[in-house]
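Subject: Structure handover

Hello,

Here is the structure I promised you. My notes follow below it.

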Amino acid sequence: MKIGGLIKTSLVDYPGKVACSIFTIGCNFRCGFCHNPELVDPIRYIQEIPEELVFEFLEKRKDNLDGVAISGGEPTVQPDLAKFLRRVKKLGLLVKLDSNGSNPDVLEDLFGQNLVDFIAMDVKGPIEKYESIMGWPAGAKCKRSIDLILASGISHEFRTTVVKGMLEVEDFEEVGQLVQGAERFALQHFRAIPEMVNTEEYKDAKTFTEGEFEQARKIMARYVKKVVVH
């Protein structure tokens, strides 16, 4: 598996757990506001971390960790993801997977093999806005992934990063309907930083005001069990 980053100990990447965070290289989305261009843009890919070095670390630290959080990039584009997760599970560690939801067949296979204990999925916005937000019409596949997650019984979180103008408060009625019944939903502030995939286009972009976030939170609270704002 192509690994570009490793945080040896994290208290924030896997809710309620002490985790090691692993970041894969490669993504099939091109969201201009992405903060990880070195993992997403082939022109800017960073040097890979050998997989065996990661497992050497996990073997040494498995008694001090609850689990492993795998993000990216987009982990489901890795052809050997299932094999990697099986090795993690054999160490007795839990697996949290972060995904954009674009590969529902992969998620279904991983769920069927009991290789995922917690999944967090980005929801870019209403289905009809997917192409304008991230560059290709993956909305139908992402909708299927949402449905798979909701039916899986696996602990989960959905989350949306808010770039004002791309999303409006009223869009969250549709988002709420998409994820209705979810355990947890996170509304995330967009913050412009120099390292974004498309810095020029988004350097002056804004997020919701606090009042708008509160309106969106109230909408989402009608559809899901818990809503947080980051």
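Arg144 counts as partly exposed because its relative accessibility is 32% (buried is under 20% relative accessible area, exposed over 50%, partly exposed in between, with a 1.4 Å probe and protein chains only). This is a predicted model: local features need pLDDT of at least 70, side-chain atom pairs count only at pLDDT 80 or more, and totals for chains, interfaces and linings use all residues. Residues are numbered from 1 along each chain as its sequence is written, and side-chain values use heavy atoms, without hydrogens and water.

Arg144 forms a salt bridge with Asp105, with the closest N and O atoms 2.6 Å apart (a salt bridge is a side-chain nitrogen of Lys or Arg within 4 Å of a carboxyl oxygen of Asp or Glu). The pair links distant parts of the chain: Asp105 sits in helix α4 and Arg144 in helix α6, 39 residues apart. Asp105 is exposed, at 53% relative accessibility.

Now the other salt bridges. The structure holds 18. Lys164 and Glu212 meet in one, at 3.0 Å from N to O. Lys164 is partly exposed at 35% relative accessibility. Glu212 is buried at 18%. Salt bridges that share partners also join Lys96, Asp98, Asp122, Glu157, Arg159 and Arg184 into one network.

Asp41 pairs with Arg44 in a salt bridge, the closest N and O atoms being 3.2 Å apart. Asp41 counts as buried, at 17% relative accessibility. Arg44 is partly exposed, at 33%.

Best wishes

Key: Helix = DSSP H or I, 4+ residues; strand = E, 2+ residues; numbered from the N terminus.
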